[in-house]
Structures are given as structure tokens and as C-alpha cells.
Amino acid sequence: MNTIKTLIVVGSSVLVGILYILPPIIIKQQFETKQQPFVLNYTVHRDELIYMNRAREIYDGHWPPIDLYFDSQGKTVLNAIPSLIMSLFLTMFNGNVIASYLTATFIFSSLIFFLFFLLSHILFNKSFVWSLLFAYIGILTPIALRILN
């Protein structure tokens, strides 16, 4: 790929990350102008509730993280790696859940866009336009979740 195409892919990747985090940022600013508290509701997604709660446990120094929803707090079979990754973002932002969640969302959505592009670049015989279109459709629509489920 030449430099212009690389810049387009990187710029598109950043654009996708911005599109994912822009709505909560705008809503947060609207609440702050009205002097109302803002709480990021990450429970509307699939696994973020479990990961963020367990990530907070790791950030607070409890390793391995426990399952917060069981009465007996023993070892759990849940994968600790996603929570560990989220706890790294919490560490970067000194425990600020909103900033760490939005940063992780930005980074991972950009990365997934780039992975969709690479996959489609192989599938579509290195066609730049089709690869870019496939990556946008793959990340901005729920089609990937529908295919995998």
C-alpha cells in the first residue's frame, strides 16, 4: 500500500474510534452545562458490566478477581484477562471509570476496524475500496455480531 492509502486507513480507524466515543462525551458535556451528575451507563452492552467491576477489583489490588455475584467468594472460572486489560486503563486514569472506558472503547474499536480491513484486504484480493467498505460495514453495523452468533 502506498502512503495515501495508509493514511486513509489510519484516518478511518481514528474516525471510527471518535464515532464510538463522541455520543457519551457530548451527553456528558450537556449534563455538566446543566450542573447535573453524569454516570456512564455501560450496562447496555454485553460484557462491560462484568469486566469493569472485576477490573475495579484488580485495580484495588485483589488478584485474582472474584465473581461479585456469588455468595461464596471463591476462585472463579471466568477469564481474568479482559478484566486485567480494563484495569490497566483504570490505572492509566487513576481509577476514573469514564475516561478509562472511553479510551478502551476508542482503542479497541479502531483496532477492530483495522483488523476488518486487513481481513477484507485478503478476502477481496487486495481491493482497497472494497476492503475499506467492508471494514466500515463490519465495525459500524451489527452484522459481525449476527454472523458470529
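## Serine 131 in helix H5

Serine 131 has a relative accessibility of 0% and therefore counts as buried, the cut-off being under 20%. The residue belongs to helix H5 in what is a predicted model. Setting aside neighbours within four places in sequence, the contacts of serine 131 are Phe117, Ser120, His121 and Phe124.

The side chain of serine 109 comes to 2.7 Å from the backbone oxygen of threonine 105. Apart from neighbours within four places in sequence, serine 109 touches Val16, Gly17, Tyr20 and Ile139.

## Helix H4 and its ends

Helix H4 covers residues 97-123, which is 27 residues. At 1.5 Å a residue it should span 39 Å, and the C-alpha atoms at its ends are 38 Å apart, so the two values agree.

What does a side-chain oxygen of asparagine 96 reach at the start of H4? This oxygen comes within 3.1 Å of the backbone nitrogen of isoleucine 98. After H4 comes asparagine 125, which has a positive phi, near 55°.

## Aromatic pairs

Two aromatic rings are described by the distance of their centres and the angle of their planes. In the whole structure, 6 aromatic pairs are found. One of them joins phenylalanine 89 and phenylalanine 108, with 6.0 Å between the centres and 75° between the planes, an edge-to-face arrangement. Phenylalanine 89 sits in helix H3 (residues 81-92) and phenylalanine 108 in helix H4, 19 residues apart, and the pair links these distant parts of the chain. Phenylalanine 89 is buried, at 8% relative accessible area, whereas phenylalanine 108 is partly exposed, at 31%.

Phenylalanine 124 and phenylalanine 134 also form an edge-to-face pair, 5.7 Å centre to centre and with 75° between the planes. This pair links distant parts of the chain as well: phenylalanine 124 is in the loop between H4 and helix H5 (128-140), and phenylalanine 134 is in helix H5, 10 residues apart. Phenylalanine 124 has a relative accessible area of 34% and is partly exposed. Phenylalanine 134 is partly exposed too, with a value of 29%. Together with Phe116 and Trp130, Phe124 and Phe134 form one aromatic cluster.

## Helices H1 and H5

Two packed helices are described by the angle between their axes and the distance between the axes. For helix H1 (residues 3-33) and H5, the angle is about 10° and the axes are 11 Å apart. An angle under 35 degrees counts as roughly parallel, so H1 is roughly parallel to H5.

Which residues make the contact between H1 and H5? From H1 they are Lys5, Ile8, Val9, Ser12, Leu15, Val16, Leu19 and Tyr20. From H5 they are Phe128, Leu132, Tyr136, Ile139 and Leu140. Among these residues, Val16, Tyr20 and Ile139 are also in contact with serine 109.

## Phenylalanine 38 in a loop

Phenylalanine 38 lies in the loop between H1 and helix H2 (48-59). Is phenylalanine 38 buried or exposed? Its relative accessible area is 18%, which is under 20%, so phenylalanine 38 is buried.

In sequence, phenylalanine 38 and lysine 28 are 10 residues apart, while their C-alpha atoms are 5.9 Å apart in space. Neighbours within four places in sequence aside, phenylalanine 38 contacts Pro24, Ile27, Lys28, Phe31 and Ile98. Ile98 is the residue whose backbone nitrogen is reached by asparagine 96 at the start of H4.

Definitions and conventions: Residues numbered from 1 in each chain as written. Predicted model: local features only at pLDDT ≥ 70, side-chain atom pairs only at ≥ 80, totals over all residues. Heavy atoms only, no water. Helix = DSSP H or I, 4+ residues; strand = E, 2+ residues; numbered from the N terminus. Expected span 1.5 Å × (residues − 1). Polar contact = N/O pair within 3.5 Å; in protein donor to acceptor, adjacent residues only side chain to side chain. Phe/Tyr/Trp six-rings, centres within 6.5 Å; stacked < 30°, edge-to-face > 60°. Buried < 20%, exposed > 50% of the residue type's maximum accessible area, 1.4 Å probe, protein only. Axes fitted to C-alpha atoms, helices over the stretch in contact; angles between N-to-C directions. Parallel < 35°, antiparallel > 145°, perpendicular 65-115°, else oblique. Contact = heavy atoms within 4.5 Å.
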